[in-house]
Amino acid sequence: MNAIFKRELRSCFHGMIGYVLTAFMLVSTSIYFVALNLGYGLTDFGYYTLYRTIFMLLLYIPVLTMRSFAEERHSRTDQLLLTSPVPTWGIVLGKYFALCVIFAVPCVVDVAMILVLKVLGATAVSTAANFASLLCYYLMGCAAIAVGVFLSSLTENQIIAAISGVAALLLAYMMPSLRTMFTAGSAVALAVFTAIGAVLSVVAGLRSRSFTLGCLTFAGCCAALTALFLLQSSWLTEAFSAVLSALCLFTPFEDFVNSSFSIPTLVYYLTVAVLFLFFTVQGLEKRRWN
């Protein structure tokens, strides 16, 4: 895993991509820091700088992660990785940790900005809140990196990986607004969960190579959802709302910087990262044995 970590880290800064992305984030953060925190004397670095530069991650993260596995598949070097003595989770974690280190570079500069505010008169409480916001911001970025790595593992085209990453993060960014559109009640929830059941049935059928198992899985999902719709339709609506809330990747950070330190928010981002890394490992395991 260490060799893969060093190789991925070296490859990002061997060309211009690592430097360009780091400069892109530093310039974006510096503009808001100078214009708001220094220009107006505001000590809340989490809200006035970090929160307002979230939309920059919609471009930064996909470009950072697009080459992680897509380039390996395009150049056929993924066959060397998959046949190496390194376990699959070691391959994924090596690449993932390297990308997290690259993302940590602009975050280290953010630490310097927080210390500047401290020197200029920010209170100890405000400084602690700024550091907590930066920690949450970093974990949010790591969760988004895990999503990008998973999408990169699905294709051998870096452009497709980048576009799909932008689309996924943009959907998560807009999900709070889109969520208000799905208020029709349990009928909409039933339709959505039926579609999810169909996708899961197809996956089960493909994984087991059994058409019968796929059909039985879909029939079981439909029967369970129909019974729930007839008996406890409110449960479907509540579950649907919970699913949409879970897809709002950036909303917990907004709540974090607007309120106080929240352990559940940090756990949420760690869970998202672990979940998508697990999906990536499972996809690579399937390719390794096929």
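Mentor: Let's start just after α7, where G121 takes a positive phi of about 120°. This is a predicted model, so local features need pLDDT of at least 70 and side-chain atom pairs pLDDT 80 or more, while totals for chains, interfaces and linings use all residues. Numbering runs from 1 along each chain as its sequence is written, and side-chain values use heavy atoms, without hydrogens and water.

Trainee: What makes α7 a helix, and how do you know what span to expect?

Mentor: Helices are DSSP runs of H or I with at least four residues, numbered from the N terminus; α7 has 32, residues 88-119. The expected span is 1.5 Å times one less than the number of residues. For α7 that is 46 Å, and the reach from first to last C-alpha, 46 Å, is close to it.

Trainee: Where does α7 have a kink?

Mentor: At V105, shortly before the proline P106, with about 30°. The bend is the angle between axes fitted to the seven residues ending at a residue and the seven starting there.

Trainee: Why is the pair of Y96 and F97 called tilted?

Mentor: Rings of Phe, Tyr and Trp (its six-membered ring) pair if their centres lie within 6.5 Å; planes under 30 degrees apart are stacked, over 60 edge-to-face, the rest tilted. Here we have 5.8 Å and 50°, so the pair is tilted.

Trainee: Why does Y96 count as buried?

Mentor: Buried means under 20% relative accessible area, exposed over 50%, partly exposed in between (1.4 Å probe, protein chains only). Y96 has 6%, so it is buried, whereas F97, at 37%, is partly exposed.

Conventions:
Helices (H or I, at least four residues) and strands (E, at least two) are DSSP runs, numbered from the N terminus.
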